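Please read this report with the sequence and the structure side by side.

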Amino acid sequence: MSDEKQSSLTAIWESDDPVFADKELLDIEHIPNEERIIGREDEISNLANSIHPAIRGGKPRNTLIYGKTGTGKSLVAKHVTQSAENFAHEQDTSLDRAYIDCTQATTETQVVIKLARTFNRPDETDISVPLSGLSTNAYYDRLWQILDTLHDVVIIILDEVDKLQENNVLMQLSRAGEAGKIDSCKVGILAISNKISFKDSLDERVLSSLQEREFIFPPYDANQLREIMRHRQDAFHEGVLTDDVIPLAAAFAAQEHGDARKALDILRNAGELAKDDGSDVVREEHVRNAREKADIDRFSKLLQDQPTQSKAAVYALSLIADESKQEEFPTREIYEQYEQIAESLDIDTLSQRRMSDRLNEQAFLDILGVTDRVGRGRGKGMTNFYYLLEEPEVVQSAIESDQRFSPAL
Ligand SMILES: Nc1ncnc2c1ncn2[C@@H]1O[C@H](COP(=O)(O)OP(=O)(O)OP(=O)(O)O)[C@@H](O)[C@H]1O
């Protein structure tokens, strides 16, 4: 490498980030300390009371937490259980916790494996938990043995619990003590969901054991969103944020519902866009562009593991929604558009029935919405109507970031 190139690289390595002082503070996974958690005092103390017995080895109450996305459910659950774990150790109680993201572990076996591996200390138990190869029952047996050998009490956070494909695991975990599967260890479950309708899918016995306590987290208002961002503004160097930035990001995030995830996403993206522009201040225009980027990123993430056929079906819906004043569309109308897309992408054309199955899966994943009602025209029975949950342009930009979609169409 020439000296000149070498020195330009060195200049980059040596330079400080002109915009961010500590960008990690804006990462969605970052768990802020208590002083940075705003407007959740009641929720924190309610949850703490609910699991309080665990501190001295008693059974924590099973708790359901509901609320729209970005209302601090996961944050409060992690914060309170972390604090409980620390305090319990000072009382010589062996309290351990596990966090399961049910969008990742969706089957009963995956959840049990993850729990057994999280709670295990193989050098003390002599129990191995292989990633595959055992029956679900064998994994359960190992989990129960591990719990009784190592722990007085465990708290299991099941985040996005409505994404579980099999509810039997809820039955097993919530009734493990009663059913005599474990002797000494106490198990508490914190189940978190965006969907209040989730309860309808549960067996009554499971529901009554899971729902010893139930909390609903309200959305934030624009003031709270501003405060949440102000308490993270040291993510930026001093003077980088112009005065309009936080109020505007808060107003955008409050528009749909008060979503702190969106507020922080917008703030982080605005900083990145300013940096890409070579600007060392973040301005209103960066926030406006960041808002669109935050929507597209979120949607791309939802779609990223979806097969091409599913993306084609969602794309079809977005194209007709873009052209029409209507908001909801019957399967038949979407199918006509889908057929053209399948042809131009050179993929198999599914039957209307199978394309509709794909759309229903996407509705389950909150990628789009569905209602069923009587279709138009004489003699029509009940039919599904699908609608987008995001602007058509956002959906299209997200899908077009998949190369198969952009050049072909
Ligand atoms: N009260 C708050 N104070 C400070 N930061 C917050 C607060 N509530 C949420 N956040 C931040 O917003 C982001 C989203 O919060 P969280 O993941 O807890 O939301 P959620 O309700 O669990 O959303 P989802 O249902 O989409 O998982 C996180 O980065 C979190 O740190």
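This is a predicted model: local features need pLDDT of at least 70, side-chain atom pairs count only at pLDDT 80 or more; totals for chains, interfaces and linings use all residues.

Residues are numbered from 1 along each chain as its sequence is written.

The chain is divided into three domains, listed in the table. The domain bounds come from an automatic or database domain assignment.

| Domain | Residues |
|---|---|
| Domain 1 | 3-26 + 220-302 |
| Domain 2 | 40-217 |
| Domain 3 | 304-400 |

Between the C-alpha centres of domain 2 and domain 3 the distance is 36 Å.

Helices (H or I, at least four residues) and strands (E, at least two) are DSSP runs, numbered from the N terminus. Two strands pair if DSSP finds at least two bridges between them. An open sheet is formed by five strands with parallel pairing, in the order 2-3-4-1-5. Its edge strands, strand 2 (95-101) and strand 5 (213-217), each pair on one side only. On average, and with direction ignored, neighbouring strands of this sheet are turned by 15° against each other. Axes are lines fitted to C-alpha atoms, for helices over the stretch in contact, and angles run from 0 to 180 degrees between N-to-C directions.

Six bridges join strand 3 (residues 153-159) and strand 4 (residues 186-193) in the parallel sense. Val153 has Lys186 in strand 4 as its bridge partner. Helix 4 (residues 108-119) packs on the sheet and touches strand 2 and strand 3, and its direction makes about 145° with that of strand 2. Two residues are in contact if their C-beta atoms, placed from the backbone, lie within 7 Å.

The ligand is surrounded by 20 residues, the closest being Thr69, Gly72, Ser74, Leu75 and Ala260. Here a residue is near a molecule if its C-beta atom, placed from the backbone, lies within 6 Å of it. Helix 3 (73-90) and helix 11 (260-276) each supply at least two residues of this shell. Domain 1 and domain 2 each contribute at least three residues to the shell.

Helix 14 (residues 331-345) and helix 15 (residues 352-364) pack at about 100°, with their axes 10 Å apart. Helix 14 and helix 15 are therefore roughly perpendicular to each other, a term that covers angles of 65 to 115 degrees. Their contact is made by Thr331, Tyr335 and Tyr338 of helix 14 and by Gln352, Met355 and Ser356 of helix 15.

Terms used. Angles under 35 degrees count as roughly parallel, over 145 as roughly antiparallel, 65 to 115 as roughly perpendicular and the rest as oblique.
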